Amino acid sequence: MFFDVIIPTYQVSIDRVRRCLDSVLSQTFKEYQVWLCDGTPEEHHLNEELVRLLETEYPEVNLVRQTGIGVGQARNQAVNCGSSPYVAFLDADDYWNPEWLSE
């Protein structure tokens with residue numbers, strides 16, 4: 001893989017996560033691995049919905065449970081999981097155009 005795509009998330013709506021992931025998976029450049037680092041508390045309803053979404057619709061996305069606090073810590077934790085030479089960050093409530101990684 002050429003890129004590790006790091007997506008930190010915390011209590012983001014499932015629709016926004018789906019839009020984000022769809023934009024990553026529709027990239028014209030395909031040499032990447034996706035790491036979604038979620039800090040949503042396990043008792044929060046969005047945690048269960050996110051796990052179900054990834055298992056059923058996005059099995060290629062790696063879920064990392066955030067152990068610390070804050071978006072910076074989430075990014076660092078996910079970066080440590082990957083091994084690609086380049087890292088691309090994307091917030092869970094944002095999305096990319098299809099050529100973003102190739103450019």
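1. In this note a residue is called buried when its relative accessible area is under 20%, exposed when that area is over 50%, and partly exposed in between (1.4 Å probe, protein chains only). By that scale Gln77 counts as buried, at 15% relative accessibility.

2. The basis of the remarks is as follows. The structure is a predicted model, in which local features need pLDDT of at least 70 and side-chain atom pairs count only at pLDDT 80 or more, while totals for chains, interfaces and linings use all residues. Residues are numbered from 1 along each chain as its sequence is written, and side-chain values use heavy atoms, with hydrogens and water left out.

3. On confidence: pLDDT is the predictor's confidence in each residue, from 0 to 100. The chain has a mean pLDDT of 95, and 100% of its residues reach 70 or more. Confidence in the chain is highest in H1, at 98, and lowest in H3, at a mean of 93. Helices (H or I, at least four residues) and strands (E, at least two) are DSSP runs, numbered from the N terminus.

4. The sheet is open and consists of four strands in the order S3-S2-S1-S4, with parallel pairing. Two strands are taken to pair if DSSP finds at least two bridges between them. Strand S3 (62–65) and strand S4 (86–89) are at the edges with a single partner strand each, so one side of each has no neighbour in the sheet. From one strand to the next the twist averages 25°; axes are lines fitted to C-alpha atoms, for helices over the stretch in contact, and angles run from 0 to 180 degrees between N-to-C directions.

5. The pairing of S1 with S2 is parallel and extends over seven bridges. Along this pairing, Asp4 stands opposite Gln33 in S2, and Thr9 stands opposite Asp38 in S2. Six of the seven residues of S2 are buried, so this strand is largely enclosed by the rest of the structure.

6. H1 lies across S1 and S2 and runs at about 165° to S2. Helix H3 (residues 71–81) packs on the sheet and touches S1, S2, S3 and S4, its direction making about 145° with that of S1.

7. The nonpolar interior deserves attention. A nonpolar core is a set of buried Ala, Val, Leu, Ile, Met, Phe, Trp, Tyr and Cys residues joined through side-chain atoms within 4.5 Å. The largest such core has 23 residues, of which Val5, Ile7, Val17, Leu21, Val24 and Val34 touch the most other members. At least two residues of this core come from each of strand S1 (3–9), helix H1 (14–25), strand S2 (32–38) and helix H2 (45–57). H1 gives the largest share, five residues. A second, separate core of six residues includes Ile6, Trp35, Cys37 and Ala78.

8. Apart from neighbours within four places in sequence, Ile7 is in contact with residues including Cys20, Leu21, Val24, Val34, Leu36 and Leu90.

9. Gln77, leaving aside neighbours within four places in sequence, is in contact with Cys37, Val64, Arg65, Gln66, Thr67 and Gly68.

10. Three further residues may be checked in the model. Asn47, in helix H2, is buried, with a relative accessible area of 9%. Not counting residues up to four places away in sequence, Asn47 touches Asp38, Thr40, Pro41, Glu42 and Arg65. Glu43, in the loop between S2 and H2, is exposed at 71% relative accessibility. Gln11 lies in the loop between S1 and H1 and is partly exposed, at 33% relative accessibility. The phi of Gln11 is near 50°, a positive value in a residue other than glycine.

Definitions and conventions
Contact means heavy atoms within 4.5 Å.
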